[in-house]
Amino acid sequence: MTVLDVRHLHKSFGSIAAVSDVSFSIEAGEVFTIIGPNGAGKTTTLEMIEGLQTPDQGEVTINGLSWKQHGDAIKQLIGVQPQSSAMYDLLTVYENLDVFASFYHKSISAERIMELINLTDHRNKRVKNLSGGQKQRLAIGLALVNDPEILFLDEPTTGLDPQARRNIWDIVLRLKELGKTTILTTHYMEEADILSDRVCIIDQGKVIANDTPRNLIQQLTKEREINLSFIQGESALSAMIETSKQLPAVNRVNVEGAHLKVWSTKPEETLYHLLEAISKRGYEVDQIAIKDMSLEDVFISFTGKEWRD
Ligand SMILES: Nc1ncnc2c1ncn2[C@@H]1O[C@H](COP(=O)(O)OP(=O)(O)OP(=O)(O)O)[C@@H](O)[C@H]1O
């Protein structure tokens, strides 16, 4: 079932086209992650979906409802993680959840939310005394008070240490088990890879890719990198450069430190020929690997930009 449908969204600020013709749809229960370089239009897209900005053109429907006609109904369906500045610093975890719940017709109990976000032990702590990770968990909890079907988490783990980040991942996965749909943005490729059912790459206001992390990686050029080093070191390395270049399916050969890097469109076959040539010359391999493509390679290939982490 489609819970969110975004059709041909456009938004400009003066002469800047922040979003130009963005379309996608999201199925119930998915974790859908939007990634993209700085200024790509992610926040503007999210804010139009959340009803915080009006599109110049295009339509957003949530469970078939539109902001223009059914704004109040949509507010009951979605949960938006607030900026930490929206929390009450002097109130406790429990009190913040209680205040936010009073804004809605429907709510889940603060007890249940604290359980979901692992903050039961800190229920009486004031927000100003929480760690960064605990604050982010509370922000997710505040997005949950109206028991929404669709959750918007905008960079929920930015600035957190790896353990605190993993704690947030656990919560996202738990919410998925409960059937919630999550729309996420992140700066961490590993996070997008681990959590997402689908990843949408936005660049210069346009969707340039939208698929499962596995499919995106498979769409990449079939070229893979074979990485070798030799027991005989330098002498074997220089001898093997020219030989590798002559092998079928090899596009490029490079040397990095003690390693020979060979890019091939048929890596398994190339590897076979390489090993044969190496042993013919009496050299021995020290280390060998065929490098896996990652979501980061996908990002670089689609956007032509380095990923910032
Ligand atoms: N209120 C605004 N007024 C003028 N320009 C804006 C406004 N909001 C966004 N922009 C511009 O629109 C473009 C898209 O911005 P947006 O914040 O949506 O990108 P983003 O992908 O979320 O970037 P980041 O990863 O840096 O948060 C940028 O060029 C930005 O400067």
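## The crossing of α5 and α6

Helix α5 passes helix α6 in a right-handed crossing, meaning that the near helix is turned clockwise from the far one by less than a right angle. Helices here are DSSP runs of H or I with at least four residues, strands are runs of E with at least two, and both are numbered from the N terminus. This is a predicted model, in which local features need pLDDT of at least 70, side-chain atom pairs count only at pLDDT 80 or more, and totals for chains, interfaces and linings use all residues. Residues are numbered from 1 along each chain as its sequence is written.

The axes of α5 (residues 132–143) and α6 (residues 162–177) come within 9 Å and cross at roughly 20 degrees. α5 is therefore roughly parallel to α6, a term for angles under 35 degrees. On the α5 side the contact is made by G132, G133, Q136, R137 and I140, and on the α6 side by A164, N167, I168 and I171. Two residues are in contact if their C-beta atoms, placed from the backbone, lie within 7 Å. Of the residues in this contact, four are nonpolar, four polar and one charged; Gly counts as polar, Arg as charged, and Ala and Ile as nonpolar.

## Helix α1

In helix α1 (residues 42–49), the buried residues are K42, T44, T45, M48 and I49. Buried means that 20 or more other C-beta atoms lie within 10 Å of the residue's own. These residues pack against six strands: β1 (2–13), β2 (16–27), β3 (31–35), β4 (57–62), β8 (181–185) and β9 (198–203). Just after α1, G51 takes a positive phi of about 80 degrees.

## Residue L195

L195 lies in helix α7 (residues 189–195). It counts as buried because it has 23 C-beta neighbours inside 10 Å. Leaving aside residues up to four places away in sequence, L195 touches V31, T33, W169, V172 and L184. L195 and K176 are 19 residues apart in sequence, and their C-alpha atoms are 9.6 Å apart in space.

## The whole chain

The protein chain has eleven helices and 14 strands. Its radius of gyration, taken over C-alpha atoms, is 25 Å, well over the 19 Å that the globule rule gives for 309 residues, so the chain is more spread out than a compact globule. That rule is 2.2 Å times the number of residues to the power 0.38. Along the principal axes, the C-alpha atoms fill a box of roughly 75 × 45 × 35 Å.

Buried residues make up 34% of the 309 residues. Among contacts with a separation of 6 or more, 67% join residues 24 or more positions apart.

Key
Buried ≥ 20, exposed ≤ 12 C-beta atoms within 10 Å, placed from the backbone. Axes fitted to C-alpha atoms, helices over the stretch in contact; angles between N-to-C directions. Parallel < 35°, antiparallel > 145°, perpendicular 65-115°, else oblique.
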